[in-house]
Structure formats: structure tokens, C-alpha cells
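I opened the model to look up a few things. My notes follow in the order I made them.

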Amino acid sequence: MNTKQSSSDTFGLTFFGRMVASISHEIKNSLAIIDGNAGLLGDYMNLMEKGRAVNPDRILVLTGKIADHIHRADTLVQNLNQFAHSADLPQTQIDLCRLVELMKNITVRMAASHWATVSTRLPPQPVAVCTGAFLLLRLLIHCLEYVLQADNGPRNIEVQVQKKAEKAVIELSGAMGLTDSDTLFSADRNVIGMLRELDASLLVDPEAGTLSIQLPDRPA
Amino acid sequence: MKTRVLVVDDEKDFARLLAERLELQGYDTDLCFGGKAALEKVINGDYDVVVLDLMMPAPDGITTLKQIKHHKPIVEVIMLSGQATRETAIEGMIQGAFEYLTKPCENETMVFKINEAHRRKREQEERIRKALEEVGRIKRRQRENANGTG
């Protein structure tokens, strides 16, 4: 068995499990809210049966909340599905913009736990690259976690996708608290392994507060 | 007297609906959306039971539980989480939580546990009151003996 392949598979499973646990936790939250609001509607019906007046506007708000959270749970399941399918093929042509949007959607809770938000700045046209979608997601989220842990104040991390010459660039900005020694992050064995498999490069700029990943623009 | 319940959850819709359901069932409820706010309310307020979400941005549920128990050890805390991990449940109980429930939780179960938690708080308060009375009696006897009037 190829040692490098088995060690990266192991890492991939741990990452996969963590992300699925995080997304499923959010789905459970939505289900709890749907369940709770349905229960609250039942409570109000019981009150009405006992002759107490109930504001119909309140009933409308509650049914609206149920609908909102059904929609939210459905979106979370879609995100989970897209994340799972990112591992279908080791390498395929993808739209980087859609991948970065998925990354933003599945890291909302992770960012919130560090009092941060994640936003995207994407070009109007798709940015097509031939790469490993799951591996690239792993690298992006690894970078995001690193940036989130560097500082705990409220902030927004912006993820930008750009096409520069023959390369596609994903840049995380708004990274506060990085020090000069953080350029060592690019020497992290896990990061080096992922970069090698993706044929990508990583640039950390502590002064500018940015992390940039450059991917080759290979034909499909 | 109504049981005073503080609901703490960073998921605002959940916190609001739980507080509303408890209010309809006769509890005196309050709510907040984070551990820091919860601690301030517990220190400055007079709550019987806190329903505390485990998974919150820092300070998380376990940290908030420790701080509540440090400042107001008699206030009972019911931990609540969508993730039923045995380790976190055990950690919560070690830190003094009354109970650990998972979301979604049956309303009847929540109400039962809140009532049980409040009953334990009342029993503890009664024990403390009796102990303080006994201490008072002992001190009075000691003073009387010292004055030669006992």
C-alpha cells in the first residue's frame, strides 16, 4: 500500500467526519426549532380550546418560522450532499466559485464559534479548473481554521476567487493576529502534502493578513 | 411562587420558542444568547434553573456552567445539546449540571426536569436555612455562656 496515500486518506476521513458532524448538528438544530414551533402551535390551540384568546398574527409568525426552518434544513442537506459528492472523483473539472460558495456555506458554524463570519467575492464568470474538489475543500477549510484560531475578535474573513494569467487564485483576507512566524504554516506537513497533491502553492502574508492558494489552470 | 428559568442558546429562534413555551406553562422565563450574558444575568438575578446550550461560541456551555456553579452553586443547570456525545454529558455532570438533554427534547421531559431541578434547589436552600439557624442558636448559647447568663 502506498504510505502517502494511506496517510492522506486517514486525514481525509477525519476531516470528512468532522464536517459531517458539524453540518448534521446544524440540521438537528433546525429540526429542534421546527419541532418546538409545532409544539408551541399545539400549546396555543389548547389555550383556544380552553377559551383563551390567541392573537392570530402570532400563529402566522409561528407557521412562518416552521417554513423558514424547513427551508434551512433542506439547504443544509443540499450542502451536505454537495460536500459528500466532492469526494466522487480524485480529479475533475470544477467551478472554483461554486466550490468556494460551498466552503462558505459549510463553515458558517465553525466561523461563528470564533465570533467570525465568512463572505465571498467572486467573479461574474465561472473559474474552471481541473483539480481534486474534496482535497481542495480540505485545504481551504484547513486554512480557514488556521486563520480563525489566530485571533478571536469579531471579524469577517473574505474569500476571493481570481483568475491571474495561467493560474486560479483563492485568497483569504481579513486574517488578524498572524505573526511573522506564521509563514511556518506553509511548512506544515499536512499542508505541504495537500499542496503537492493539488500541484498548488500557498503564500502567507502576515502583514496584509492574507493567505493565497494558487492552482494551475490545467485543461480538462 | 413561579419557577424562574433562564434559557441560554446562541440559536436565537430556539431560545425564544423554548422561553415562550415555558412561559405559557406558567414559568417565569428570561433568555439570552451567549455564555457571557448568561453569567451576568445569573450573578445579578435570582434564577432557580438555567437551561443551557452546550455548543455556543466562547465561552461555550461547559465553561459557562463552571462559572455559574462557581458564582451561584445553588442554581441548577440543565445542559441541552443537539450532539449527544457521552464525553460532554459526563463532563457536564462532573461540573455540576443537574441533567443533560438532547435536542429535540419532548416538552414534557423538559418540564419534568425543570420541576425536579427546582425541587432540588429548594431542598438545598432549606438545608442551608436550617444549618444557618443551628449556627445562630449555637452562637447565641456561646454568648449567653460567656456572659454567665446561660
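I started with a lysine. Lys69(B) is buried, at 16% relative accessible area (buried is under 20%, exposed over 50%, partly exposed in between, with a 1.4 Å probe and protein chains only). I then looked up its partner. Glu76(B) forms a salt bridge with Lys69(B), and their closest N and O atoms are 4.0 Å apart (the criterion is a side-chain nitrogen of Lys or Arg within 4 Å of a carboxyl oxygen of Asp or Glu). Glu76(B) is buried too, at 5% relative accessible area.

I noted the conventions. The model is predicted, so local features need pLDDT of at least 70 and side-chain atom pairs pLDDT 80 or more, while totals for chains, interfaces and linings use all residues; side-chain values use heavy atoms, without hydrogens and water. Residues are numbered from 1 along each chain as its sequence is written, with chains lettered from A and ligands numbered from 1 in the order written.

Glu133(B) pairs with Arg129(B) in a salt bridge, with 2.4 Å between the closest N and O atoms. Both lie in this helix, four residues apart, about one turn. Glu133(B) is partly exposed at 37%, and Arg129(B) is partly exposed at 37%.

Glu126(B) forms a salt bridge with Lys130(B), the closest N and O atoms being 3.9 Å apart. These two are also four residues apart in α5 of chain B, about one helical turn. Glu126(B) is partly exposed at 32% and Lys130(B) at 48%. An α-helix has 3.6 residues a turn, so residues three or four places apart point the same way.

I also found a network of salt bridges linking Arg4(B), Asp46(B), Asp48(B), Lys121(B) and Glu125(B). The count over all chains is 23 salt bridges.

I turned to chain A. I counted six helices and seven strands. Its radius of gyration is 21 Å, well over the 17 Å that the globule rule gives for 220 residues, so chain A is more spread out than a compact globule (taken over C-alpha atoms; the rule is 2.2 Å times the number of residues to the power 0.38). Its C-alpha atoms fill a box of roughly 70 × 40 × 35 Å along the principal axes. Of its 220 residues, 45% count as buried.

Last, I looked at helix α6 (residues 189-198) of chain A. Its buried residues are Val191(A), Gly193(A), Met194(A), Leu195(A) and Leu198(A). Just after α6(A), Asp199(A) takes a positive phi of about 55 degrees.
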